[in-house]
Amino acid sequence: MHQVIQIHPDAPPKPALGAPCNGCGVCCLAEPCPLGQVISRKRSGACDALRWDAAGARYRCGAISDAEGVLGRRWTWLVPVLRRLARRWIAAGVGCDSTLEATRPS
């Protein structure tokens with residue numbers, strides 16, 4: 001099965017399975033993780049919480065890097081909780097767990 005996803009041209013290439021995450025965004029652009037499904041209210045397509053970090057030239061999980069923007073003003077009291085839980089739920093720092101193969105058009 002093939003799926004076309006739009007990746008920022010400056011995004012790093014997808015790391016090998018198990019290698020440290022480099023913020024390539026492939027996994028989150030293809031489909032939201034369980035936390036992203038709750039935030040995005042969808043099971044397919046790019047996660048609404050995904051954020052492009054221009055300074056770092058990589059994608060970041062907005063549940064961690066922009067929890068205020070993800071939750072909105074009404075839920076600001078949940079920001080510390082979301083950040084703490086998101087790190088655990090998305091396995092931040094564990095390594096790439098995406099089996100997707102990413103290729104750029106030639």
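Figure 1. Ala 11 is buried, at a relative accessible area of 6% (buried means under 20%, exposed over 50% and partly exposed in between, with a 1.4 Å probe and protein chains only). The structure is a predicted model, in which local features need pLDDT of at least 70 and side-chain atom pairs count only at pLDDT 80 or more, whereas totals for chains, interfaces and linings use all residues. Residues are numbered from 1 along each chain as its sequence is written, and side-chain values use heavy atoms, with hydrogens and water left out. Ala 11 belongs to the segment before helix H1; helices (H or I, at least four residues) and strands (E, at least two) are DSSP runs numbered from the N terminus. Leaving aside residues up to four places away in sequence, Ala 11 is in contact with Cys 24, Trp 52, Ala 57, Tyr 59 and Arg 104, where contact means heavy atoms within 4.5 Å. Although 46 residues separate Ala 11 from Ala 57 in sequence, their C-alpha atoms are 5.9 Å apart.

Figure 2. Strand S1 (residues 50-53) pairs with S2 in the antiparallel sense over 4 bridges; two strands pair if DSSP finds at least two bridges between them. Arg 51 stands opposite Arg 60 of S2. The hairpin has 4 residues between its strands, and Ala 57 lies in this loop between S1 and S2. Phi of Ala 57 is positive, near 50°, in a residue other than glycine. Ala 57 is partly exposed, with a relative accessible area of 29%.

**Figure 3. Arg 41 in the loop between H2 and S1.** Arg 41 is placed in the loop that joins H2 and S1. Its phi is positive, at about 60°, although Arg 41 is not a glycine. The residue is exposed, with a relative accessible area of 76%.

**Figure 4. The largest nonpolar core.** This core has 10 residues, namely Leu 35, Cys 47, Ala 49, Ala 63, Ile 64, Ala 67, Val 70, Val 79, Leu 82 and Ala 86. A nonpolar core is a set of buried Ala, Val, Leu, Ile, Met, Phe, Trp, Tyr and Cys residues joined through side-chain atoms within 4.5 Å. Two or more residues come from each of H3, helix H4 (67-71) and helix H5 (79-89), and H5 gives the most, with 3 residues. Beyond four places in sequence, Val 70 touches Ile 39, Ala 49, Arg 51, Gly 62, Ala 63 and Leu 82.

**Figure 5. The largest pocket.** The volume of the largest pocket is about 990 Å³. Of its 40 lining residues, Cys 21, Cys 27, Cys 28, Ile 90 and Asp 97 are the closest to the centre. Helix H1 (26-30), helix H2 (34-40), strand S2 (58-61) and helix H3 (62-65) are the elements that give two or more residues to this lining. A pocket is an open set of points on a 1 Å grid where a 1.4 Å probe fits, with protein on both sides within 12 Å along at least five of seven lines; lining residues have an atom within 4 Å of a point. The lining divides into 26 nonpolar, 9 polar and 5 charged residues.

**Figure 6. The second largest pocket.** This pocket has a volume of about 650 Å³. Among its 19 lining residues, the closest to the centre are Gln 3, Ile 5, Glu 101, Ala 102 and Thr 103. Its lining comprises 12 nonpolar, 4 polar and 3 charged residues.

Terms used
Grid points are joined across faces, edges and corners, and a volume is the space filled by probe spheres set on the points. Ala, Val, Leu, Ile, Met, Phe, Trp, Tyr, Cys and Pro count as nonpolar, Asp, Glu, Lys and Arg as charged, and the others, Gly among them, as polar.
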